[in-house]
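Please look over the sequence and the structure shown below.

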Amino acid sequence: MQLYSTNNKNNTVDLKEAVLKSLAVDNGLYMPADIPRLPQAFLDNLDHFSFVEIAFQVSKNLFGETIDNWDLWQICENAINFEAPVVPVYDNISSLELWHGPSLAFKDFGARYMAQLMSYFTKDSNDPLTILVATSGDTGGAVAAGFHNTPGIEVIILYPSGRVSPLQEKQLTTLGGNISACEILGSFDDCQAIVKTAFLDDDLNSKYNLSSANSINIARLIPQSFYYFEAMKQLDSSQQNVFCIPSGNFGNLTAGLLAKKMGLNISKFIAATNANKVVPEYLSTGTYNPQPSIATLSNAMDVGAPSNFVRIQELYQSNHNAITSDIVGYHYSDDSTTTEMADIYTQTKYVADPHGAVGFLAAKEYLKSASSDTHVTVLETAHPAKFLDTVESALDQNIDIPQRLEKLSDKQKTATGLSNRYEDFKGYLLGRV
Ligand SMILES: *Cc1c(COP(=O)(O)O)cnc(C)c1O
């Protein structure tokens, strides 16, 4: 498999380099040079395949002979080890629940698959890979869980002290083993700056084989296309199937476009955002105008300059007409989001999280002018208990907390406290050799 940089089509690399480097040297994002259609026999018979088999077939379709079948099967089996059920909520709206993994959000799919691929590509090297991640909360939890106990890989997570939720902190600091946490007395930007400096530091690079678990890594995007197939397997294929994606960096939506390009019969994509509405505005005006991000209740979507926008442009050769024939966009305020959580609960007893609620709003708006055989599947990107206070106050009642979350609160935090000075972090890292 070859991948090219969105900044220069002639700059191609193999899958190993794209996965281990995340970003091209020219700062472009990697895209598959070839996105073949899957065999019709597979597309017509999705219900004959398990989720792992779907993951295997889709991976194989993109990777070709890059990874032999047995190893690829192991990668898929280790990564895709929880379900993605489609749950009917209204007559014509379902929820694709992507929160059945260890960190209760869809990012588990990408993090686990990336961990498996990185481990595969470094298995013959004597040098373990050391992954540095700066997190403002959510991504760190998925990465920590995804890489936990992965052979040949060590993960060091930097998070801003006092600025992640207690639950998120537990997810980052209680796994142990190959996962270490540094609690930085500073902001998320300080954490990010430390990681950036570390990658450029010769002393560290001579002792460590450093890598990142960046959200733009192609190994996080590819597995997010698997669950569109898994959803279509569960849906009635005789209706118009539309997917509605609560979006921030637009990784999920881009993965859906890949699935469609590989042959999946999806009629339309709905891009649903909070007040960070640069993509819905681009869709309606044709002008892309990135903005500083605005804080909202659906905070994992607070992105003012979505990193995957360039990949969407790439898939459509920047043709605005072609893009708007496949994607429609809507955006909503926090007030509407709160009301929607309550409405969904009152009408159906389904508990949506704030991100999912933005999706339900958009699904309902779209259906007002859609044909009667249209069915919208909303990607429910996180479990509502991850946003407990917001959800419970919207519903004015307590909600169930999954056991795997509850168990976390008994676990002991282990983190190394450091100042926000780069030299402190460097000293810590060198002291570990
Ligand atoms: C990351 C995240 C999103 C945004 O997903 P993108 O692929 O970046 O658009 C939405 N909801 C939740 C809960 C998330 O964690």
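## Aromatic pairs

The count comes to 17 aromatic pairs, where rings of Phe, Tyr and Trp (its six-membered ring) pair if their centres lie within 6.5 Å, with planes under 30 degrees apart counted as stacked, over 60 as edge-to-face and the rest as tilted. Because tyrosine 113 belongs to helix H5 (residues 107-121) and phenylalanine 226 to helix H10 (residues 218-234), the pair ties together parts that are 113 residues apart in sequence; helices (H or I, at least four residues) and strands (E, at least two) are DSSP runs, numbered from the N terminus.

This is a predicted model, in which local features need pLDDT of at least 70 and side-chain atom pairs count only at pLDDT 80 or more, while totals for chains, interfaces and linings use all residues. Residues are numbered from 1 along each chain as its sequence is written, and side-chain values use heavy atoms, with hydrogens and water left out.

## Burial and a ring cluster

Tyrosine 113 is buried, with a relative accessible area of 0%, and phenylalanine 226 is buried with a relative accessible area of 0%, where buried means under 20% relative accessible area, exposed over 50% and partly exposed in between (1.4 Å probe, protein chains only). Ring pairs also link Phe51, Phe82, Phe109, Tyr227, Tyr228, Phe243 and Phe269 into a cluster.

## A loop residue

Threonine 381 is placed in the loop between strand E13 (374-380) and helix H17 (388-395), and at 6% relative accessibility threonine 381 counts as buried.
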